[in-house]
Amino acid sequence: VRALQSNSHVAKLLIHDEVRDDSHSSISSGSLEQAENYVFFGGNKAWKRAAGALSWLRTICTRSGPKPDDYGQTLFNLLTTGMVMVAVENECCFIDYMIVTTRVNTIPGTGLPEFSLPPGMKEHDPERIVCYNCSAEWPGRFVSFNYESVREVMFWNVLDSCKVYKDDEFERKSCSHCYEPAKSLCSICHVAAYCSRSCQKKDWKEGHKMQCPKLVKR
């Protein structure tokens with residue numbers, strides 16, 4: 001479940017009937033190699049202990065229906081925790097498969113001076129879902145669509161049944177200054193995390209003062 005939420009390639013690998021024989025010894029975070037190690041090897045001991053687990057995960061992708069019948073509330077909740085694969089019907093009636101998220105710390109470029117979040121990412125609105133398309137060519141792009149045009153939300157039943165969006169937020173965050181486990185969030189942007197007041201003050205002086213307003217979800 002964590003792999004589905006943190007690596008944009010994992011969902012695509014799971015829905016394809018593919019097997020690898022060799023794992024990667026050198027990987028980078030978010031890469032295809034990391035996803036292949038997750039799915040096929042990391043994976044490796046777990047799949048051996050639970051025969052058929054990978055096939056089971058693939059078959060239940062849309063077992064509870066192609067998407068939740070709740071005006072997009074489940075999708076909105078899942079987007080705030082990480083990456084979700086959706087199938088959206090475009091204006092030409094073709095289906096676009098996208099890996100999308102609204103979790104700010106998974107969006108590249110947040111430290112750049114010109115970075116800013118688009119309006120509409122904070123509130124749930126089934127008529128206009130605003131999110132970042134991780135599967136687009138670098139540097140990616142923000143997209144918007146209405147929930148009616150969504151045809152499938154891949155693995156939504158697995159992610160929702162695990163209640164990943166109800167987990168303690170700080171279990172997945174590190175201090176933005178020293179990278180120790182975080183205990184609090186910036187009270188303005190609610191994105192930067194800190195282990196202490198001291199680290200927060202240092203990070204504010206070293207650049208978060210300029211970055212903070214751009215991370216506020218409008």
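View 1. At 19% relative accessibility, Cys134 counts as buried, where buried means under 20% relative accessible area, exposed means over 50%, and partly exposed lies in between (1.4 Å probe, protein chains only). Cys131 is buried as well, with a relative accessible area of 0%. What keeps these two cysteines from bonding? The sulfur of Cys131 is 8.6 Å from the closest cysteine sulfur, that of Cys134, which is too far for a bond. A disulfide is a pair of cysteine sulfur atoms within 2.5 Å, and a search of the whole structure finds zero of them.

**A note before the other views.** This is a predicted model, with residues numbered from 1 along each chain as its sequence is written. Local features need pLDDT of at least 70 and side-chain atom pairs count only at pLDDT 80 or more, while totals for chains, interfaces and linings use all residues; side-chain values use heavy atoms, leaving out hydrogens and water.

**View 2. The whole protein.** Here you can look for eight helices and seven strands. Helices (H or I, at least four residues) and strands (E, at least two) are DSSP runs, numbered from the N terminus. Of the 218 residues of the protein, 42% count as buried. Contact means heavy atoms within 4.5 Å. Among contacts between residues at least 6 apart in sequence, 54% join residues at least 24 apart.

View 3. Two strands pair if DSSP finds at least two bridges between them. As background, strands of a sheet pair through backbone hydrogen bonds, either parallel or antiparallel.

**View 4. Strand 1 and its two partners.** Five of the six residues of strand 1 are buried, so this strand is largely enclosed by the rest of the structure. Strand 1 pairs with strand 2 in the antiparallel sense over six bridges, and Val88 stands opposite Asp96 in strand 2. These two strands form a hairpin with five residues between them, and Cys93 in the turn has a positive phi of about 70°. With strand 5, strand 1 makes three bridges, also in the antiparallel sense. Ala87 has Glu152 in strand 5 as its bridge partner.

View 5. How many of the residues of strand 3 are buried? Five of its five are, and the strand is mostly covered. Strand 3 (residues 129-133) pairs with strand 4 in the antiparallel sense over five bridges. Look for Val130 opposite Ser144, and for Cys131 with Val143 as its bridge partner in strand 4. Two bridges join strand 2 to strand 3, and these strands run antiparallel; Thr101 has Tyr132 in strand 3 as its bridge partner.

**View 6. The salt bridge.** The structure holds one salt bridge, meaning a side-chain nitrogen of Lys or Arg within 4 Å of a carboxyl oxygen of Asp or Glu. Which side chains meet in it? They are those of Glu89 and Arg151, at 2.8 Å from N to O. Glu89 lies in strand 1 (residues 84-89) and Arg151 in strand 5, so the pair ties together parts that are 62 residues apart in sequence. Both are partly exposed: Glu89 has a relative accessible area of 25%, and Arg151 has 36% relative accessibility.

**View 7. Phe145 in the nonpolar core.** A nonpolar core is a set of buried Ala, Val, Leu, Ile, Met, Phe, Trp, Tyr and Cys residues joined through side-chain atoms within 4.5 Å. The largest one has 46 residues, of which Leu75, Val86 and Phe145 touch the most other members. Leaving aside neighbours within four places in sequence, Phe145 is in contact with residues including Val86, Met98, Cys131 and Val150.

**View 8. Thr110 in its loop.** Thr110 is found in the loop between strand 2 (95-101) and strand 3. Is this residue buried or exposed? Thr110 is buried, with a relative accessible area of 19%. Its C-alpha atom is separated by 7.5 Å from that of Leu215, a residue 105 places away along the chain.
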